[in-house]
2 protein chains.
Amino acid sequence: MFNETKTHEITVDVVILTMKNNAIQVLLVKRLNEPFKDKWAIPGGYVRLSENLDQAALRILKERTNVDNIYLEQLYTFGDPLRHPNARVITCAYFALVRSEDLNITTSPELGWHKVSDLPPLAFDHKEIIEYSLKRTRERLELCPVAYQLLNEKFTLTEMQKAYELIMNKKLDKRNFRKKALSTEGLIELDEYTKSSSKRPARLYTFENIKLNSKRAHFIKKEKK
Amino acid sequence: MFNETKTHEITVDVVILTMKNNAIQVLLVKRLNEPFKDKWAIPGGYVRLSENLDQAALRILKERTNVDNIYLEQLYTFGDPLRHPNARVITCAYFALVRSEDLNITTSPELGWHKVSDLPPLAFDHKEIIEYSLKRTRERLELCPVAYQLLNEKFTLTEMQKAYELIMNKKLDKRNFRKKALSTEGLIELDEYTKSSSKRPARLYTFENIKLNSKRAHFIKKEKK
DNA sequence: TCCCTTGTTTTTAATAATACAATAAAAAGA
DNA sequence: TCTTTTTATTGTATTATTAAAAACAAGGGA
């Protein structure tokens, strides 16, 4: 049995999500070689012998986006024998939520952001992995205000609501949202306002460092039966 | 970089939980060889090249318990470089919930059930894996009545409540539990009763096949702030 | 027959979630 | 300066959910 398993390879792939241009977007790289040449893929790499899986995911994230100290969570391990046409590659998928203002990426024809609602042709089972990361993000959002990981450090409640609506893919009631948002542990009201053009300024808020997953967020109304 | 990864090995380990003797118990095997000789471990094995991870977990479960058609879910992938002292072994952990009446195991000094509240010395990081499987089971239980996977086909509401109390590790109010349990989708009231000694017989219930994870179960009261 | 144990049902109060619309603040243009 | 435009901000009535609690029922054994 041991011999039969010798040729497994293990990689870590990271779904990197951010909010840009009023949409949830995912960072993709274009494959330059076969298999799946010219298709898009989520960033990934082999796990080094000296690092654990979290460290591998952080390394890949750092290599690609130059950010750290962000929300990163193991998603699922995909191991279908046919997911890679030429080899037996098992991938441990992670997903990350990053602030667009923290990003320091020079995009190119081979590296760029794509709206999750309009994905290009993807390599391997990466479509499935991205969809699963969105499902998990929705689940997390029902338990804790993890969406603030997508917002800039200072944000308005309208921006926060927009993030929720994009992730949950439904409209929320403005008054109820604000009421519940304001009761969220860790939300801090600032004495600053947006200064934009031709409209009423909005108060800015920020989050203190809170334990994620610590509290149920009440932003999303339950489905009607 | 490829060379550095060649010697990874990948296994699947399965935390098999059941309810026996008024306790949640886990199936463990005693290790006969080093490393961790004479310590206990959760059942596992290498992933074969021809099977995916779910199939590997099902195979291991079937080999050990001779049951199939049970609740099985991928738990987490553990890949610390030091989790195995002699090799770089990454394990994809699963957990399973089985009915004690379905079990067909001949226990021995090397294979047996252990209460999760009183575990023997464990090999590798298996203590962490078992604890994580209990945490996940609790999370699942808050979303769907997955506990019926631990109950026999026909059960009383008191037995069902007992399962919830054991998993959640807290007492529940009998009257409220029954009210909410009876409103659960898929619960079927039978015209049969327990015939036991010296007490009032209890009505038996069963579950029709339901989509798990389809509905929030209301059995557990929220934590007080 | 009485006692003991466990199973079963109902009512009420408290809390949380939901639906819903008018007013306030700033800037631009008339 | 007045009007228009745009977005921010706020409260209440209703409904649904959850929590807490008490009395009665059924069987076995003394």
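Author: Let's start with a term: two residues are in contact if their C-beta atoms, placed from the backbone, lie within 7 Å. This is a predicted model, where local features need pLDDT of at least 70, side-chain atom pairs count only at pLDDT 80 or more, and totals for chains, interfaces and linings use all residues. Residues are numbered from 1 along each chain as its sequence is written, while chains are lettered from A and ligands numbered from 1 in the order in which they are written.

Reader: Which residues of H2(A) and H3(A) meet?

Author: Helices (H or I, at least four residues) and strands (E, at least two) are DSSP runs, numbered from the N terminus. In H2(A), A:Thr137, A:Arg138 and A:Leu141 meet A:Tyr164, A:Ile167 and A:Met168 of H3(A). These residues divide into 4 nonpolar, 1 polar and 1 charged. Here Ala, Val, Leu, Ile, Met, Phe, Trp, Tyr, Cys and Pro count as nonpolar, Asp, Glu, Lys and Arg as charged, and the others, Gly among them, as polar.

Reader: How many residues does each chain bring to the contact of chain A with chain B?

Author: Chain A brings 24 residues and chain B brings 25 residues. On the side of chain A, strands E1 (9–20), E5 (71–78) and E6 (89–97) each give two or more residues. E5(A) gives the most, with 3 residues. By class, that side has 11 nonpolar, 7 polar and 6 charged residues.
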